[in-house]
Amino acid sequence: MEEGIKVGKKAAAIRAVDDHVKDNQVIGIGSGSTIIYAIDRIVERVKKENLKLICVPTSFQAEQAILENGLSLGQLSMYPKLDVAIDGADEVDASLNCIKGGGGCLTQEKIVDYCARDFIVVADERKDSEFLGEKWKRGLPIEVIPMSYKPVQLKIQNTLGGTANLRMAAKKAGPVVTDNSNFIIDWIFDGEQDWQKVDTFLHSIPGVLETGLFLQTAKMVYFGTVEVIIGQI
Ligand code: 5RP
């Protein structure tokens, strides 16, 4: 990864943790590469300030990071209300709508992030767009039940156009399998969309579990080194 990008991710993550994480909170821990810097900062502050935090993971990756760093692991059955969730994104538009799921963790991320009073996004400046799809060209991730992938692909292509690709593992070693034992379809689309309509349509297809559209849920986004954008929520 380019050095400037790493610096941006780290700066956004540190600032978000310092602004939003406080003693005695229950915190959602997102997934991806940017969130690693947030976890590092949380660990630093827990040690220095003796913070008492419960961390709820959004993925297997997040759970491992919580355990490896000696943080206190919680789950939604015990902590259904979170104070804050900090998570990455693949793209964020001018209204703070996000595409997530580049790492395939969108369903658990959506569940956990939705339970947080404040859902905070951390990302490098490449993710900052006017509209979804302006910069992110890897499509909209959609988690599907494995036996439904073919009819779901066809329904999406025939109704919305574009291409609905089954996400494959490196060297085409088979489909990517999510933490929920499902597959991911990446819908490659063209131009601006009515995302609320697209989301409603996708959820109406049998076999679709969740989409990577996080519409009107982010409270604040931290981009790269300095820029903080506050939502309308
Ligand atoms: C995983 C995600 C990630 O948060 C998203 O892909 C951003 O990742 P990164 O911080 O590595 O750019 O949604 O499902």
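1. Start with aspartate 90: an N or O atom in its side chain sits 2.6 Å from an oxygen atom of the ligand. That counts as a polar contact, a pair of N or O atoms within 3.5 Å. The protein covers 91% of the 380 Å² of accessible area that the ligand has on its own (Shrake-Rupley method, 1.4 Å probe).

2. Keep in mind that this is a predicted model, where local features need pLDDT of at least 70 and side-chain atom pairs count only at pLDDT 80 or more, while totals for chains, interfaces and linings use all residues. Residues are numbered from 1 along each chain as its sequence is written, and side-chain values use heavy atoms, with hydrogens and water left out.

3. Two other residues are worth a look. For serine 31, a backbone N or O atom lies 2.8 Å from a ligand oxygen. For lysine 9, a side-chain N or O atom is 3.4 Å from an oxygen of the ligand.

4. Who else is around? There are 17 residues around the ligand, and Ser31, Ser33, Thr34, Asp90 and Lys127 come nearest (a heavy atom within 4 Å makes a residue near). By class, this shell has 2 nonpolar, 9 polar and 6 charged residues, with Gly counted as polar.

5. Zooming out, the protein has 6 helices and 13 strands (DSSP runs of at least four residues for helices, at least two for strands).

Methods
A polar contact is a pair of N or O atoms within 3.5 Å; within protein, one must be able to donate a hydrogen and the other to accept it, and residues adjacent in sequence count only if both atoms are side-chain atoms.
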